[in-house]
Every structure is written in C-alpha cells, then in structure tokens.
Amino acid sequence: MASIYTKRLTKELKDLNKNPPEGVIIEEADNLKSWRLCLIGAAGTIYEGEKFKLEFRFPPQYPLEAPEVIFIQPYVPVHPQIYSNGHICLNILYKDWSPVQTVAHVCLSIISMISSCTKKELPPDNDLYVKSASTSPKKTSWAFHDDTV
C-alpha cells in the first residue's frame, strides 16, 4: 500500500502539471524526494519577468512535516526576507507549517511575499547569517518580526 507521502506528492505533482499557479513552472520532479521549480516575477512588481529557482526537499514525514525550501544560486532574488544563500524567512515553512498546505500554496506565498516588496535589498544580517548558517534552513531558529515586506 502506498504511503501518505507517496500518495500526497503524486497527487500534488499531477495537480501542478495540470493546473500550475501563474508564474510557477516545474523544471524537475523526477522523484518524490526533491523537486525544482521556476518562479517568474509577477507583472507590475519590481521583480517582473525575473526567473528564480526553488528546490523543494521532502522529508519522509511530508505532509506532516514541512518540506525544506530554498532558492538555488544564482537564481536567488534580492529581497529583505531571502538570504543570499537561498534560505527563506517565511513562517509557513517552519513554525506555521500545516499539512493542508501544498507545494502550490508555498509557491503562491513566496510569489506574494516577493511581489509585495518595494525595494530590492538583502536582509540586514545577511553576511553574518550566511557565514554561520547550516546548509538546511530548517536548522535555523527563525525570528519572524517583519511582515511588512
């Protein structure tokens, strides 16, 4: 019998292929452990038409546990909540994860976060964070304090 993990990711991939959210393109999803997607900056934003690449790494406990989601260099947007190493400071990827969320929901949340930004700048602590961060953003103790960008 297929696991929840297998059933869920198979369904999500089918849905993404059939009806992807605007600005989301599947680049590689050959297995259930890791997918690569392209996000295209929304029209009318400072990122309009720019292409960014995301990697989703799914733990065996998915969807009960959040996927690890990072931007792939050099396709990382310059944004106050995205570090130059590709780590994303977004609460739904960590403390506010819910199994009802899908890859499509996460992509839409990231596109929304990017679209609402009015100034391309790195997080104020980017250099220190990148120097000391683990390769996995899930090992970071995130402080979610700025939801204005």
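## Around L54

Leaving aside neighbours within four places in sequence, L54 is in contact (heavy atoms within 4.5 Å) with W35, R36, L37, L39, V69, I70, F71, I72, I88, C107 and I110. This is a predicted model, where local features need pLDDT of at least 70 and side-chain atom pairs count only at pLDDT 80 or more, while totals for chains, interfaces and linings use all residues. Residues are numbered from 1 along each chain as its sequence is written, and side-chain values use heavy atoms, with hydrogens and water left out.

So where does L54 sit, and is L54 buried or exposed? L54 belongs to strand 3 and is buried, with a relative accessible area of 0%. Here buried means under 20% relative accessible area, exposed means over 50%, and partly exposed is in between (1.4 Å probe, protein chains only). One of the contacts of L54 is F71: the two residues are 17 apart along the chain, and their C-alpha atoms are separated by 4.3 Å.

## The overall fold

Zooming out, the protein chain has 3 helices and 4 strands. Helices (H or I, at least four residues) and strands (E, at least two) are DSSP runs, numbered from the N terminus. Read from the N terminus on, the order is α-β-β-β-β-α-α. The radius of gyration is 15 Å, close to the 15 Å that the globule rule gives for 149 residues, so the protein chain is as compact as a globular protein of that length. That radius is taken over C-alpha atoms, and the rule is 2.2 Å times the number of residues to the power 0.38.

Along its principal axes, the C-alpha trace spans about 50 × 35 × 25 Å. Buried residues make up 44% of the 149 in the protein chain. Take the contacts between residues at least 6 apart in sequence: 57% of them join residues at least 24 apart.

## Surface and charge

The accessible surface comes to about 8400 Å², and 54% of that belongs to carbon and sulfur atoms. These areas come from the Shrake-Rupley method with a 1.4 Å probe; for residues, only the protein chains shown count as cover.

As for charge, there are 16 positive and 17 negative side chains, and the centres of the two sets lie 6 Å apart. Lys and Arg count as positive and Asp and Glu as negative, with His and the chain ends not counted. The place of a charge is NZ of Lys, CZ of Arg, CG of Asp or CD of Glu.

## Salt bridges

Side chains of opposite charge can pair when their charged atoms come close. With a salt bridge taken as a side-chain nitrogen of Lys or Arg within 4 Å of a carboxyl oxygen of Asp or Glu, the count comes to 10. One of them joins K53 and E27, at 3.4 Å from N to O. That pair links distant parts of the chain, with K53 in strand 3 (residues 51-57) and E27 in strand 1 (residues 24-28), 26 residues apart. E27 is partly exposed, at a relative accessible area of 42%.

Next up is E50 with K120, whose closest N and O atoms are 2.4 Å apart. E50 lies in the loop between strand 2 (34-40) and strand 3, and K120 in the loop between helix 2 (103-115) and helix 3 (126-132), so this pair ties together parts 70 residues apart in sequence. Both ends are partly exposed: E50 has a relative accessible area of 28% and K120 has 39%.

K95 and D96 also meet in a salt bridge (3.3 Å, N to O). K95 is exposed at 57% relative accessible area, whereas D96 is partly exposed at 34%. Finally, R36, E55, R57 and E68 are linked in a network of salt bridges, and R36 turns up among the contacts of L54 too.
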